Amino acid sequence: MSLDTTDTAILRLLARDATLGAAEIGRAVGLTQPAAWRRIRRLTDAGVIAGRRIVVDRAALGFGVTVFLGIRLAARGRPALEDFERAAIAIPEVQTVQHVLGRFDYRLRIVARDIADFERVLRRRIMTLPGVGQVEANVVLSEERRPGPLG
């Protein structure tokens, strides 16, 4: 699907605030509400817009620590990957599970209340996952976010 400048403007607006309605978007890009709605529907139907999300402030909920874990599995093969992924996704503190190339097999994003809570999650949940071999933790000190590839 090829995008024109209006489509790109719509995507930028929605990336910043997914709660915007078609009327607000239309005003911002110079379209009527129905025309904006049709554009948004076309982008959704084409799979360009895959969903809408809210951003939850983890710190406001008491989760003040974010850690990226690099995990190398001790076992190899498809069953080992599937078992690990299934078990990792089931841990509530695990926000993302990324299968990656490089030094590690997986990169996990973990949230915890504090370092002691992270240590508990690491010892009792992560290190007991099927196939876990080597683990490397990187604590996030600060984070800047971009809304996506359209900036």
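Leucine 73 sits in strand E1, which covers residues 65-73. In this predicted model, leucine 73 has a relative accessible area of 4%, so it counts as buried, the cut-off being under 20%. What does leucine 73 touch, once neighbours within four places in sequence are left aside? Its contacts are Ala80, Leu81 and Phe84, then Asp105 and Tyr106, and finally Pro130, Gly131, Val132 and Gly133.

The protein has five helices and four strands, and read from the N terminus the elements follow the order α-α-α-β-α-β-β-α-β. Is the protein compact or spread out, judged by the globule rule? Its radius of gyration is 20 Å, well over the 15 Å that the rule gives for 151 residues, so the protein is more spread out than a compact globule. The C-alpha trace spans about 55 × 35 × 25 Å along its principal axes.

Of the 151 residues, 30% are buried. The protein exposes about 9,700 Å², and carbon and sulfur atoms supply 52% of that area. Among contacts with a separation of 6 or more, 66% are between residues 24 or more positions apart.

Now let us go to the helices, starting with alanine 36 in helix H3. Alanine 36 has a relative accessible area of 0%, so it is buried. Not counting residues up to four places away in sequence, alanine 36 touches Ala22, Ile25, Gly26 and Leu31. Take glycine 26 from that group: it is 10 residues from alanine 36 in sequence, and the C-alpha to C-alpha distance is 5.0 Å.

Alanine 36 also leads us to a helix pair. Helix H2, residues 22-29, packs with H3 at an angle of about 100°, and their axes are 8 Å apart. That angle falls between 65 and 115 degrees, so H2 is roughly perpendicular to H3. On the H2 side the contact is made by Ala22, Ala23, Ile25 and Gly26, and on the H3 side by Gln33, Ala36, Trp37 and Ile40. Sorted by class, the contact of H2 with H3 has six nonpolar residues, two polar ones and no charged ones.

Helix H3, which runs over residues 33-45, has another partner in helix H1, residues 5-16. The axes of H1 and H3 come within 11 Å and cross at roughly 85°, which means that H1 is roughly perpendicular to H3. Here Thr6, Asp7, Ile10, Leu11 and Leu14 of H1 meet Arg39, Ile40, Arg42 and Leu43 of H3. The residues of this contact divide into five nonpolar, one polar and three charged.

Our last stop is threonine 96, in strand E2, which covers residues 94-99. With 31% relative accessibility, threonine 96 counts as partly exposed. Beyond its neighbours within four places in sequence, threonine 96 is in contact with Arg107, Leu108 and Arg109.

Terms used. Residues numbered from 1 in each chain as written. Predicted model: local features only at pLDDT ≥ 70, side-chain atom pairs only at ≥ 80, totals over all residues. Heavy atoms only, no water. Axes fitted to C-alpha atoms, helices over the stretch in contact; angles between N-to-C directions. Helix = DSSP H or I, 4+ residues; strand = E, 2+ residues; numbered from the N terminus. Parallel < 35°, antiparallel > 145°, perpendicular 65-115°, else oblique. Contact = heavy atoms within 4.5 Å. Nonpolar A, V, L, I, M, F, W, Y, C, P; charged D, E, K, R; others polar. Rg over C-alpha atoms; globule rule 2.2 N^0.38 Å. Buried < 20%, exposed > 50% of the residue type's maximum accessible area, 1.4 Å probe, protein only. Areas by Shrake-Rupley, 256 points an atom, 1.4 Å probe, with all protein chains shown as cover.
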